[in-house]
Every structure is written in C-alpha cells, then in structure tokens.
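Notebook open. I want to look up the surface and the helices of this model.

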Amino acid sequence: MEQNLIIAFIELLGTFAFAISGIRHAAAKHFDWFGGYVCGVAVAIGGGTIRDVMLGTTPFWMTNPIYLICTAVALVTVVLFGKWMEPLKNAWFVFDTLGLALFTIAGIQKSLAFGQPFWVAIIMGCITGSAGGVIRDVLLNNEPVIFHKEIYAMACVIGGLAYWGLAELGVPAEISAGMSFAVTCLIRFLAVRYHLSLPVLKEK
C-alpha cells in the first residue's frame, strides 16, 4: 500500500509537471487561459487517452477527475507564480522525467493486463509517455520536440525493452518495473546532460 501511494504521488507530480510544460509553452505563444488549460490537458492525458482508445477501454481520466483537477491547479500556478518559476526549470525537468518513466510503465502494464503481446505493450508505453507532447506541439503549431531534440521517446522504448528482457528472465514484475523506471530516467538524464540525440536524416 505504501509503495502504491508513493507511485501515485510521483505520478501526480509527473502529471503536474507535464501540465505545467504545456501551459508554459502556451503562455509563450500568448494563448488565453482556456488555451493554456487545453495544452496542459493535452500533455497530461493525451498519451494515456490514445493508449486506452487503442486498447478499447474507457480513457483513464473519465473514471477519475484528479488529472483534470491537477491540470487546473497547474494553470493557477502558472498564472500566479509564472515569473518565479524559471529558476525551478531543473526541478520541473526531474518531475517530467519521473512522470515519463512512470507513464511508460503504466502503459506497458495496462497493455499486458489487456492481453497484448510485449512488443505492443512497449509501443503503448511509449505512446503513454510521449504522445501528449506531440499533441501539445501540434496545437501550438510547433515541430514536435520528440523528432529533433535530445532522446525522449526512445528512452521509453529502451526502458520498455529492459522490462521485457527482465520479464523473459523470470524476474518478478515489481522488480522489472523498477528497473525499467530506472533505465528510462537514466537515459533521459544522460541525453539532456550530454545532448545525446539520434542521427539526423539528410536528403541526398
């Protein structure tokens, strides 16, 4: 129970950080409050919604309003304290990374619970963690960050592969999930620290 509470708390922090990132991007484009809220929601629940629709189940936020409430709190936070948030960008990055890893694991575990093979579960984990940011960038008319910045979605994929490999070795699901979480976070931190990215396609 204590472990579940810790995971739920970190997941909410990740949701809050995702929502903050969407709202701050909207603020940079001079969106109004409603536009900012929509962008925050897109990041916070977009990936999980796509996953649930593809799995043929009710989207998770329709059964628990806490994610929409969390986004509203993020909007109020940006409105009231936006000018003091810039020095905290490293802290938001950490929460964003924790949320990315947890949402990836959540996507994998939910897909497996629905009887999907592991390769599908890894894709669903990647979608859960990173698709919200793509929706946000489309709404803001920006090139999606995952296509041209430091490794982001690939961290989800590699974390999912770690989960798969450990599961194939007979490692308990709790340990596999924990190791997958650590791998996803580590790759994301290293990618930002050393500006690691995939090779760029060049037109011949």
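The model is predicted, so I take local features only at pLDDT of at least 70 and side-chain atom pairs only at pLDDT 80 or more, while totals for chains, interfaces and linings use all residues. Residues are numbered from 1 along each chain as its sequence is written, and side-chain values use heavy atoms, with hydrogens and water left out.

Entry 1, surface. I found a nonpolar surface patch of about 670 Å², made by W33, V76, V79, L80, F81 and W84. Patch residues have over 30% relative accessible area and no salt bridge, and nonpolar side chains (Val, Leu, Ile, Met, Phe, Trp, Tyr) are joined within 5 Å. Areas are Shrake-Rupley with a 1.4 Å probe; a salt bridge is a side-chain nitrogen of Lys or Arg within 4 Å of a carboxyl oxygen of Asp or Glu. Helix α3 (residues 66-81) gives the most to the patch, with four residues. Helices are DSSP runs of H or I, at least four residues.

I looked up F81, which is found in helix α3. F81 is partly exposed at a relative accessible area of 44% (buried is under 20%, exposed over 50%, partly exposed in between).

G115 follows α4 with a positive phi, near 80 degrees.

Methods. Patch = residues over 30% accessible without salt bridge, like charges linked within 9 Å, V, L, I, M, F, W, Y side chains within 5 Å. Helix = DSSP H or I, 4+ residues; strand = E, 2+ residues; numbered from the N terminus. Buried < 20%, exposed > 50% of the residue type's maximum accessible area, 1.4 Å probe, protein only.
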